[in-house]
Amino acid sequence: DADPFDGAGFSRNDCTVQVAEQVQAPADANTEVVIRPLDTDAHWARSAALHMQDLPEHVDRDAFEICTAEQSAQMRALCDAGHGRWLGAFLGDLPVASCGIFVGPDRIARYQDVVTDNAHRRRGICGRLVTEAGRRAVEEMGAKQIVITANRGSSASRIYQSVGLKQ
């Protein structure tokens, strides 16, 4: 029963789980960006800043920024320890999109925090980034399956389906 949560100000998401054993580049995959790991403090800060876009008015921006910075530091530490990869889609030295990919002991890979700069959306960048992250999970990290969640019917869900992830 979700009523207590609704009454406490929570909102529900209608999410779908999408899975694949491998991914392929969508027809509109961007060929201008270079996909590579984030490797400087500035790249990690930029990746965290991308999550500050589109915050709802009721969210405390300062608190969210602190939380996002801490979460980014934790993800970076996990990547540095070899537990995952955090990739950026770069135009020059600027990451305009980023995501993480982590593989568990069960060899299931899970995408983390896929985000694209608002100014660079609808250019095939996310599809290219998600494809490359999934490919690396399988080929370099030994994943047997790739998993992501998305809001049902969202543009993100459609992008993930375009690379071969299925509900």
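# Close-up views of a predicted model

**View 1. The loop at Arg107.** Arg107 lies in the loop between β4 and β5; strands (E, at least two residues) and helices (H or I, at least four) are DSSP runs, numbered from the N terminus. This is a predicted model, in which local features need pLDDT of at least 70, side-chain atom pairs count only at pLDDT 80 or more, and totals for chains, interfaces and linings use all residues. Residues are numbered from 1 along each chain as its sequence is written, and side-chain values use heavy atoms, with hydrogens and water left out. β4 and β5 form a hairpin with 4 residues between them. Arg107 is not a glycine, yet its phi is positive, about 65 degrees. Arg107 is partly exposed, with a relative accessible area of 45% (buried means under 20%, exposed over 50%, partly exposed in between, with a 1.4 Å probe and protein chains only).

**View 2. Strand β5 and its two partners.** β4 and β5 pair in the antiparallel sense over 6 bridges; two strands pair if DSSP finds at least two bridges between them. In this pairing Gly100 stands opposite Gln112 in β5. β5 and β6 run parallel and are joined by 3 bridges. Ile108 stands opposite Gln145 in β6, and the bridge partner of Arg110 in β6 is Val147. Asp113 has its place in strand β5. Phi of Asp113 is positive, near 50 degrees, in a residue other than glycine. Asp113 is partly exposed, with a relative accessible area of 30%.

View 3. Strand β1 (residues 15-20) has Thr16, Gln18 and Ala20 on a covered face, and Cys15, Val17 and Val19 on an uncovered one. β1 runs antiparallel to β6 (residues 145-151), with 6 bridges joining the two. Ala20 has Ile146 as its bridge partner in β6.

**View 4. The largest pocket.** About 1400 Å³ of space lies in the largest pocket. A pocket is an open set of points on a 1 Å grid over the protein atoms alone, where a 1.4 Å probe fits, with protein on both sides within 12 Å along at least five of seven lines; lining residues have an atom within 4 Å of a point. Grid points are joined across faces, edges and corners, and a volume is the space filled by probe spheres set on the points. Of the 47 lining residues, Val114, Val115, Arg121, Ala156 and Tyr160 are the closest to the centre. Elements giving two or more residues to the lining are α2 (41-50), α3 (61-80), β5 (108-116), α4 (125-139), β6 and α5 (155-162). β5 gives the most, with 7 residues. By class, the lining has 22 nonpolar, 18 polar and 7 charged residues (Ala, Val, Leu, Ile, Met, Phe, Trp, Tyr, Cys and Pro count as nonpolar, Asp, Glu, Lys and Arg as charged, and the others, Gly among them, as polar).
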